[in-house]
Structure formats: C-alpha cells, structure tokens
Amino acid sequence: MNSLRLPLLESVFCAVSLGAIVLDNERRIVLWNSWMVKHSGLQHEQVLGQDFFAVCPELRGGRVDTAIQHALYNNFPSLLSQTLNKAPFALYLSPAAAAHDERMQQAVEVTPIAIEGTARHCLIQVSDVSIAVGRERLLREQTMVLRSQTFSDGLTGIANRRHFDVAMEKEHRRAKRGGTPLSLLMIDIDHFKAYNDHYGHQKGDQCLIQVAAALAGILKRPCDLMARYGGEEFAMILPETDVDQALLMAEAIRARTQQLAIPHERTTDASQLVTVSIGIATQKAEATVEIDALIGAADRALYQAKRNGRNRVAALQS
Amino acid sequence: MFNLTELENDALIEIFNIGVGQAASSMSAIVKEAVRMSVPSISFIPRTEAARLLGQADGVAERICGVSQRYRGAFDTEAILMFPEDKSLEIVRLMVGEAVPLKELTEMEQEAMCEIGNIMLNSCVGTLANIFQRELQGSLPQYHIGTSDEILTATGSQFNSVVLMLHIDFLLEKHQIHGYVAFVLDISALHDLKEQINLYIARAMGKV
C-alpha cells in the first residue's frame, strides 16, 4: 500500500481539474499538472526542473513573483483575484483562443508547502473563473439597461428626479475634486396650474412634453443634465459653468420657451404665451457648499424671478 | 485592561506603519495610482468592546465587511481587516475602477476584497515577523459580512480575548477611508507579543 502511495498522489495531483504547479525553494518547477499542460501548451519535459521565471518570464517582478517570495521566505499564502490581476498566466481555453491571445480568466492562490528534510516549497493553484466573470458582466449590462429605464421620467422621457439626485451627487463631488464651478438652474413654467385648469390635463401634459424636449435640445455637452424635478418644475445641472455662462444658458432657455409660441390665455405675461421663470445658483470653484444649500439657493432665486414678474432669470451666488 | 508602555506603544505603531506602507506600495502597483495608508493609532480593548466600537450607528449594528486570516508562530492571532460595508464597496470600486456600482460586492469583487485584505494583513504581520526575527505561518484569507460581533464570533474569537485595534487611514484618488485591522489575542498571545516587542526594543537600544 505504502509503495503505491507516492505514484497515486502524483497521479491525483496531475488529474485535478485546476492548474497546479509546485516550485522548490530555488523557484524551479518540480510539478506541473496535466491541466497546466492542456491550457498552457507546455509539456512536462519542457518545464520540469526549469527556473519558473525562465518558463514564465513576464511574471517576473509582478504580483505572482511577490506571492512566491511570500510563500517561500515568509511562509504566507497569497491570493490573486481575477478582478485586480488581469490573467497573469498565458493560459487558454482552446487553441482558437490561444491564436487570438484571448486568455482564460484566472484566480490564483500561492501557498507555502512544508516538507520534512528540505527547504520550503510552494504550490501555485490557478482556477478558471471565466464563467463567473461572464455572469457578472451580464449582471452589469442588465443593471445598466434597468437603470436607464428607472432613471427617466415616464411622461417627458427626460431624466427623472432620481437621476437628478444621483447626477447631482456625482457632479458635486467632481466639482469639489476638480476645483471647478458648478451651476444649477431651477426652471418653472409660469402659471401652469391656470394653464391646466383652462386647457385641461391632456393639453397640460402636452405642454410639459414640448417644453421638456425643447429645453433638453439646448444642452450640447454630455455632462449637462436636464431633469423633471417636480410637476411643472425642471432642473438643469451645468458642470464647469460659472455664473455668467449660466446666465447666458438661462436666457437661452427663457427665449426658447417663448419661441415655442404655445398659447396661454391665463398668464400674466403680455405675450399670452407659455413662459418660464428661472433661478440660478452657482457654486464657485473655491467655495464649495453642500448640495442642499445649492438647491435651496436655486429655489430662492426662482422665487425671486417669480416675484419680479415671471418670464425672467434671477441668480444667486453661493 | 492590558496596557503597553509609551515606548512599546510607539514601537508597535512604527512597525505597523512600515507594514501598511508596504501594503500601500503593493496596491499602488496593482492600480497604477498612488495609494497611501497609515496607522495613526492603536489600542488594546476587550473583545466585547471591540464589537461595540465598530459600527454602532444609533444603536443599530452596522454591516461590516471583513477579511480574516489566522497566524500562528511567535504569537497566535486571528487578524481581521474591517471596513463598514459601504466603505468596502467604495474601496473595491476605486481599486477596480468599476463604472456600474451594484448594491453589494459581487463574488468577484469579494475576491478582490480578499486580495486587498491578504496584502494588508501579510504586510502587517510580515513586518512584525521580520522585526521580531521570528517566523509566523498564515492561512488564506476569508471573506465575512455581518455585524462586527458576528464577524468576531465567526472568526472564532473567545469572549474574554483582547483585541489589538489598528486604525487605518486609506487614501486613494483623494478619497479618504477609515478602516480597522483587529488582531484578536488570547492572554498568552498577548504576553508573547509584549515579550517580542521588548526584545525588539532591547535590540534596537543595544545597537544605538
């Protein structure tokens, strides 16, 4: 029984369905199992007794090298995740993949191996995590699709309040980090309640759709965002935009709305057309404020624009 | 409570700062960005208090993400790197540069977190071992999620053990994240540790 034990262990080692390599204390390859032969294309006789870094020169100086040193000289095991180490070993799932240099996704473990009578060895285990990586890629793609659906307003198709909150958080952090100004516009359709009461809710919805589409069309940069903030209120996030540029943008919005020439008999504006009032708040590059304070300032500016007669722009700098 | 002299305390902080410094440079090499880490302070606290210190926002136990490894040799300890769950999401995603954040760490991200823990803990304990001129033997990292009490229990720590708590400041791409490394020690491990520190101090003094 005992005489069979060693060849049996070696056969088992060879047969396991993950990559297994054993190095001696001088980092020479002592064992290289069949899985490694199959996926690396390197036969036993090509690698056994060879210096590990002569066989895998690109691993020298990298994480695998450090892990081997840790195992051999410090007695510590290491784990190399697929996520942080993109496929360190040249291993392929098929000859076709090898031809395209499309490596197998790998997770690697390097563990010290104590043997009586000789200096410590180490075991390198490589597992194929391609399936898990594929599954997570799918999960992220579907999350993206789902998120873009839950982030848009059902009526107008522009970004909804939730999207606004997330974008605001992101842009606010980016402005703080990059030391750039950030402007926020609050846009409200004048006397919208009266419009709804007079023309009916269907017309009211149509007015919202038309105004939203026209204003969203003004935005040219991908980082700008226009969202439906509440009933007839819209918000616009303008990164890297100072108060002067924000005023220009607001004035363009005000003019564009009037240009739509949507009749509004119940407005106080002499034009008798649908108009908007706009409040601007700008966070200067050198003086950042909290998000709530910025929104509050834009709200106060909007209120001021309303009080000054509507169909106009007001700005507050915070 | 178990206490160290000021000298012993300073020596330990210095050793751990060397350790996390090495971990930071390994991590910088992975993400090809500057990663900085430091240990501003350490403390010895009872196991029960450690559970309370870690994440008790408004009396509700916060979810903690932990990576543990067991070490044996010059002293025996269970070492656990711990971050509040949201911070662990932040760290992994900063390291990975992932654009689509999901609510929890995915399987692959958990493995990445294990690797981060592995680098940190091996660097800290490795530095200790080198300075103590003694060898320690470590296990592979294990991922945990739960309250700090659950994690401390899952890693097999006794209620009467003592925790050497390292406060870790982790700085990546202008994000500063606070975490902890806990070394759970029983009374004999505690004395082994103290003895090793004193041997180190004696050697250091002798050489001056």
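Helices (H or I, at least four residues) and strands (E, at least two) are DSSP runs, numbered from the N terminus. This is a predicted model, in which local features need pLDDT of at least 70, side-chain atom pairs count only at pLDDT 80 or more, and totals for chains, interfaces and linings use all residues. Residues are numbered from 1 along each chain as its sequence is written, and chains are lettered from A and ligands numbered from 1 in the order in which they are written. Chain A has twelve helices and ten strands.

**Chain A overall**

- Contacts are pairs of residues whose C-beta atoms, placed from the backbone, lie within 7 Å.
- Among contacts in chain A between residues at least 6 apart in sequence, 59% link residues at least 24 apart.

**Helix 8 of chain A**

- Helix 8 covers residues 161-178 of chain A, and its 18 residues reach 25 Å from first C-alpha to last, close to the 26 Å expected at 1.5 Å a residue (the expected span is 1.5 Å times one less than the number of residues).
- The helix has A:Phe164, A:Glu171, A:His172 and A:Ala175 buried.
- Viewed down the axis of helix 8 of chain A, the buried residues fall within an arc of 110 degrees, so they line one face of the helix; the arc is that of the directions from the helix axis to the C-beta atoms.
- A:Asp165, A:Glu169 and A:Arg177 are exposed on the other side of helix 8.
- The cover over the buried residues of helix 8 includes strand 6 (182-189), strand 9 (276-283) and helix 12 (291-307) of chain A.

**Five-stranded sheet**

- Five strands of chain A form an open sheet in the order 2-1-5-4-3, with antiparallel pairing; two strands pair if DSSP finds at least two bridges between them.
- Strand 2 (29-32) and strand 3 of chain A are at the edges with a single partner strand each, so one side of each has no neighbour in the sheet.
- Strands 3 and 4 of chain A run antiparallel and are joined by three bridges.
- A:Leu80 has A:Val108 in strand 4 of chain A as its bridge partner.

**Contact between chains A and B**

- Chain A gives 25 residues to the contact and chain B gives 26 residues.
- Helix 7 of chain A supplies the largest share of the side of chain A that touches chain B, seven residues.

Methods:
Two residues are in contact if their C-beta atoms, placed from the backbone, lie within 7 Å. A residue is buried if 20 or more other C-beta atoms lie within 10 Å of its own, exposed if 12 or fewer, and partly exposed in between; C-beta atoms are placed from the backbone.
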